[in-house]
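Try each task before reading its solution.

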Amino acid sequence: MIDERFDAIVVGAGMAGNAAAYSLATKGLKVLQLERGEYSGSKNVQGAILYADMLEKIIPDFREDAPLERHLIEQRFWMMGESSHTGLHYRSDDFNEEKPNRYTIIRAQFDKWFNKKVQEAGALVVCETTVTELVQDAYGKVIGVKTDRGGGQIHADVVVLAEGVSGLLGTRAGLRKIPKPTDVALAVKEMHFLPQEVIEERFNLKGNEGAVIEAAGTISAGMTGMGFIYTNRECISLGIGCLVSDFQKSGESPYTLLEKFKKHPSVAPLIEGSEVKEYAAHLIPEGGYKAIPQLFGDGWVVVGDAAQLNNAIHREGSNLAMTSGRIAAEAIFQVKSRKEPMTASNLALYKKMLEDSFVMKDLKKYKDMPQLLHVQSQNFFLTYPQLVNKAMQNFVRVDGTPKKEKEKLTMKSFTSARSWAGLFGDAFRLARAWR
Amino acid sequence: MATETAVRVEDKLFQNRYLVDAGRAHIKVRPHNEPTPALKALLTACPARCYELNDKGQVEITADGCVECGTCRIIGEPSGDIEWNYPRGGYGVLFKFG
């Protein structure tokens, strides 16, 4: 199919793949990008929030023509009880700035735009083509790929694996292991369409302002999980995700959780009367620092979700994807500029540069969080949210009970659900993991 | 176990766009008499409910509504219970929004 030889082949056209292909092409490398979807974006799923800073480093003037939905001025965290939530809201007019920091986006549209930039930068993008195999030489060096279009092998000096969270090619070639059920979450999401003014009324927004709700608690039925509600211009992205291992153990179904989340009395009024136009599901890397696989080898690097680069605590996936794609491209460019071969020892530069960036520093900071939250899911996602909601009800409901007795009741509900030692232990462990 | 609810997954999938590669299922279940725990987990964990029990009590897959999340690969591939591939280029789910 393609007889030429390329400097680099990028497998996948998601955030990481597009960032890598764009950065490589703008540096003058001869790039082939392969995508199995009809177009870049047609297989990609995200909440989705875009962090401006990381994209600015790749395309500084992206605001001029990128399809952005709303800039975020409000963040809500909801701790969910069965029929209540206790919330923390942060809203600031400071976010109504000339160059806002965060936007909601719709991936199918955004990725299409990003990929157009990749093509304009000079990369050859071939869609509707699934890479079926990595081609390795007798020494195991990756020298190219095979696709389902037939026509044999396509060769390149380096293959950038931006193949997404499940990472079929890399795992099959033995470059890394398939992610464990404890290290990935399954999220399901629906797109709820409503008139723009209805969304703005319900979320107290004006113009292009947007709000985000992230919710945890009884909605995940004791599993490690989270719900989210993001405002787009004319629709609301609503979803919920839990660890695959928890789904496996509990026998809960993702769509059942989603329906319950939608029917929660705090959520239902927000989406009332909406028209659902899509139902999607996606895996999210949740293993953190300790789940990061080998990132480079002879003739290859791995970026984005395939490298399990996601900061689950701050909900940053796509910006780590973009940044790792950009950094991989810079490392490859440096090796090439020195006219050196794409060997593991030379491509180790990618890992070093990643370690010097916020990507690895942040993941390292939270390296113990996944273990803590995943093992103690009953406490952190069920017991504590229930207790906090009960305490709030105790606090706000005036019924003639003396306040001192109310406080005693609240304390008692905490200590009977979880011993003092348990409470202090969890607080200590959480603080230590956060450090 | 979760209680059976009246969630109709097929209604959800009906909103989606697909290009089905007829006769070329991208996921296959290993023939078996008794389903393994991993296969049983797929009955509830698959977000598109592609896995169902047949009348012999075996787990079967109909991958037409698959949203290509990869959950069944994570659960079922290491034990060899399922074989998982990407659909051919251009086929499968075509997200309008993602």
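**Exercise 1: a strand and its partners**

Before starting, keep in mind that this is a predicted model. Find which strand of chain A has Leu32(A) as the bridge partner of Ile9(A), then trace the neighbours of β1(A).

*Solution*

Step 1. Leu32(A) sits in β2(A), where it is the bridge partner of Ile9(A). Strand β2 covers residues 31-34 of chain A; four bridges join it to β1(A), and the two run parallel.

Step 2. Now turn to strand β10, residues 153-161 of chain A: six bridges join β1(A) to it, again in parallel. One pair to look for here is Phe6(A) with its bridge partner Ala156(A) in β10(A).

Step 3. Follow the chain from β1(A) through helix α1 (residues 15-26) to β2(A): together they make a right-handed β-α-β unit.

Step 4. Check burial, counting a residue as buried if 20 or more other C-beta atoms lie within 10 Å of its own. Five of the seven residues of β1(A), residues 5-11, are buried, so the strand is largely enclosed by the rest of the structure.

**Exercise 2: one helix, inside and out**

Which residues of α10(A) are buried, and what covers them?

*Solution*

Step 1. Locate helix α10 at residues 344-355 of chain A. Its 12 residues reach 16 Å from first C-alpha to last, close to the 16 Å expected at 1.5 Å a residue.

Step 2. The buried residues of α10(A) are Leu347(A), Tyr350(A) and Leu354(A). Seen down the axis of α10(A), they fall within an arc of 35°, so they line one face of the helix.

Step 3. The cover over these buried residues includes β16 (296-297), β17 (300-302), α9 (318-337) and α11 (358-365) of chain A.

Terms used: Residues numbered from 1 in each chain as written. Chains lettered and ligands numbered in written order. Predicted model: local features only at pLDDT ≥ 70, side-chain atom pairs only at ≥ 80, totals over all residues. Buried ≥ 20, exposed ≤ 12 C-beta atoms within 10 Å, placed from the backbone. Pairing = 2+ DSSP bridges. Right-handed = clockwise from strand over helix to strand, strands pointing away. Expected span 1.5 Å × (residues − 1). Arc of directions from axis to C-beta. Contact = placed C-beta atoms within 7 Å.
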